[in-house]
Amino acid sequence: MSAFNDIRDYVAIPRVLSLRLSPDGSRLISAVQSLNPDGKSFGTALWAIPVDGEPYRLTRSAKGETSAVFTDGGDVLFTSARPDPTVKDSADEVPALWLLPRAGGEARQVATRPGGVGAVRTAGDVVVFSSDVLDGEESADEEKRKARKDAGISAILHEGYPVRYWDHDLGPGRPRLFAARLGADRLEDVRDLTPDAGDALREGAFELTPDGTTVISTWRTYLAKGEWRTDLVTIDVATGERRVLLTEDRHDFTGPMAVSPDGTKIACSRERFTGLEVSARSELWIADLVTGEGRAYAPDLFPAGVDWAPDSSAVYLVADHQGRRPVFRVPLDGEHSRLTQDDAAYSGLNPSADGRFVYALRSGVDLAPAPARIDAATGEITDLPSPAPRPEVPGTLTEISATADDGTTIRGWLVLPEGASAENPAPFLLWIHGGPVASWNDWQWRWQSWIMAQHGYAVLMPDPCLSTGYGQEMIDRGWGNWGPRTQADLDAIVDVALARDDIDAERIGAMGGSYGGYMANWLAGHSDRYKAIVTHASLWNLDQFAGTTDASMYWQREFGEPGSERYDLLSPHRSLTEITTPILVIHGDKDYRVPIGEGLRLWWDLRRSEVESKFLYFPDENHWILKPGNAVAWYETVLAFLAQHVLGQEWKRPDSVA
């Protein structure tokens with residue numbers, strides 16, 4: 001039986017999350033997520049994947065393991081909140097740093113911090129890691145944390161913006177970078193490299209040069225009116241001396257980033273500030289680590305991952321492209337070229353030291369992530385044995401396209417269920433992606449179209465305006481014109497899909513999350529073709545949203561100051577009186593990207609307007625619905641709602657919801 005038939009079977013499928021290649025090129029290491037024995041949560045474990053053998057599990061703990069990196073000697077450093085067996089009554093609540101010897105044996109704890117250990121980088125015997133620290137001297141951090149806890153204090157006084165991110169509050173600790181040396185048993189000579197960082201390292205990224213002498217890190221510079229700019233700085237590991245490497249007015253220099261093997265250059269992403277008439281743009285930027293001089297490479301390819309060829313002559317880049325995410329080779333002295341020619345989406349690039357191969361995770365709309373080897377000369381792809389075998393999908397994947405009213409080609413993926421035919425046409429679902437600067441090109445653990453296919457639906461996953469992988473013009477077309485322009489693109493490709501004889505043009509629904517939820521709300525007020533609409537974590541009142549989201553300045557760049565004309569033109573709530581389509585509203589209380597106020601306001605407005613609707617509320621979830629049981633409730637409720645309104649069946653309340 002298909003794993004997509006029973007949603008409980010689906011959420012139990014193990015998931016390959018990451019990939020790292022050992023220095024000697026003999027094995028990869030991956031974090032694999034799987035269902036915990038209690039069935040109520042997910043856990044992670046590290047697996048080894050020999051390049052010429054079968055995978056085997058390396059770690060087992062209730063707390064799980066993440067952030068794995070290899071030392072030069074082939075040992076594995078990772079973070080985990082597991083208790084230390086060498087310490088009596090150890091019950092750690094925050095992640096510590098552990099080392100798993102290459103030669104085998106048990107992992108041992110090598111470093112702890114009161115604020116936990118975050119990202120880790122190592123070169124030679126140097127280790128650099130991040131950790132949250134309360135304001136003041138780092139040596140007093142543990143005592144101050146205990147005092148707050150004992151006094152029952154959770155208050156955080158902010159004097160700047162932002163105050164929260166995604167699903168968590170910011171503070172009271174702030175991230176700093178620490179340097180240390182690998183000792184025989186533990187990290188030695190641990191030093192605070194950034195005692196004056198303040199909030200500069202919030203949501204940051206950093207890398208370490210191959211000789212272990214220099215850290216390259218993002219560094220936020222806070223500006224007037226709640227804005228900030230992200231620069232790149234270098235930090236001397238020996239002295240902590242900091243120097244601004246890359247900075248430019250109204251531009252951010254961010255990850256993904258990688259240092260060249262010869263230690264002379266940095267590859268990163270350069271993103272321009274948006275504005276009312278300035279659309280989002282990201283580009284590969286390569287700069288000299290001494291002078292800071294650099295330039296853009298591979299125009300129109302938004303970097304999603306980078307790593308260097310071993311001779312430092314070229315960068316391997318993954319970027320969205322025509323509904324795929326190929327690997328590109330970008331030489332420093334020539335034009336970029338596409339290395340992989342299949343329909344897959346790649347991530348986690350790991351070039352081998354001999355230059356022959358690039359290892360990566362390979363996935364796609366119909367292909368769960370698993371490790372693969374790419375021949376660097378020919379682009380030939382070889383799938384490697386995976387710690388998590390791929391599930392068979394219940395249907396077929398077809399590419400379709402349409403011509404929009406302005407002549408632009410709009411393409412998308414059409415998921416067809418088994419048995420769909422002219423004699424048995426499938427009911428239809430339009431599934432709109434989030435972002436909005438994004439693309440349907442990869443496997444979706446959270447937005448799984450194959451569950452819908454298993455239940456008989458054809459699912460259209462289109463890339464309208466604002467989608468990545470189609471050049472800057474595609475983003476420019478929809479900038480500041482979200483609803484009308486996107487709807488015109490969606491209408492064009494939906495018309496093409498509904499003209500097929502294996503799709504039932506009378507039984508159709510639409511759904512989406514985040515920006516896709518915004519568009520679901522927009523369609524509800526501007527179209528009567530859909531029998532049902534599912535809107536998840538959706539924007540409803542743009543003026544309200546723009547001032548309460550976790551990054552208000554980003555959205556106000558595009559829409560202007562609150563109360564400006566663009567809010568009135570593009571806010572879905574302005575068309576409330578036109579809505580007649582039944583709507584399922586879904587929202588999580590811990591969603592700080594699209595705050596719960598949007599869902600509550602939408603629900604109240606629909607009730608006052610007597611629109612047939614239901615509200616699926618998750619008190620303990622964020623922008624997505626991640627807990628196994630809640631994911632089951634999500635899918636079962638969506639399927640029941642669609643069955644009622646698209647298929648015309650009697651409403652059956654799922655047992656998984658109260």
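Buried means under 20% relative accessible area, exposed over 50%, and partly exposed in between, with a 1.4 Å probe and protein chains only. The model is predicted: local features need pLDDT of at least 70, side-chain atom pairs count only at pLDDT 80 or more, and totals for chains, interfaces and linings use all residues. Residues are numbered from 1 along each chain as its sequence is written, and side-chain values use heavy atoms, leaving out hydrogens and water.

**View 1. Y515 and Y518 in helix α6.** Both Y515 and Y518 are buried. They belong to helix α6 (residues 515-526), three residues apart, about one turn of the helix. Helices (H or I, at least four residues) are DSSP runs, numbered from the N terminus. The two rings form a stacked aromatic pair, 5.7 Å centre to centre with 15° between the planes. Rings of Phe, Tyr and Trp (its six-membered ring) pair if their centres lie within 6.5 Å; planes under 30 degrees apart count as stacked, over 60 as edge-to-face and the rest as tilted.

**View 2. Y518 and W522.** Why does the pair of Y518 and W522 count as stacked? Its ring centres are 6.3 Å apart and its planes lie at 25°. Y518 and W522 are four residues apart in helix α6, so about one helical turn separates them. Y518 has 0% relative accessibility and therefore counts as buried. W522, at 4%, also counts as buried.

**View 3. An aromatic cluster.** Ring pairs link a cluster whose members include F4, Y10, W166, W431 and W447. The whole structure holds 25 aromatic pairs.

**View 4. Arginines over rings.** R446 lies over the face of W447, 5.5 Å from the ring centre. The charged end of R121 sits over the ring of F206, at 5.7 Å from its centre. A charge sits over a ring if NZ of Lys or CZ of Arg is within 6 Å of the ring centre and within 35 degrees of the ring normal.

Definitions and conventions:
Helices (H or I, at least four residues) and strands (E, at least two) are DSSP runs, numbered from the N terminus.
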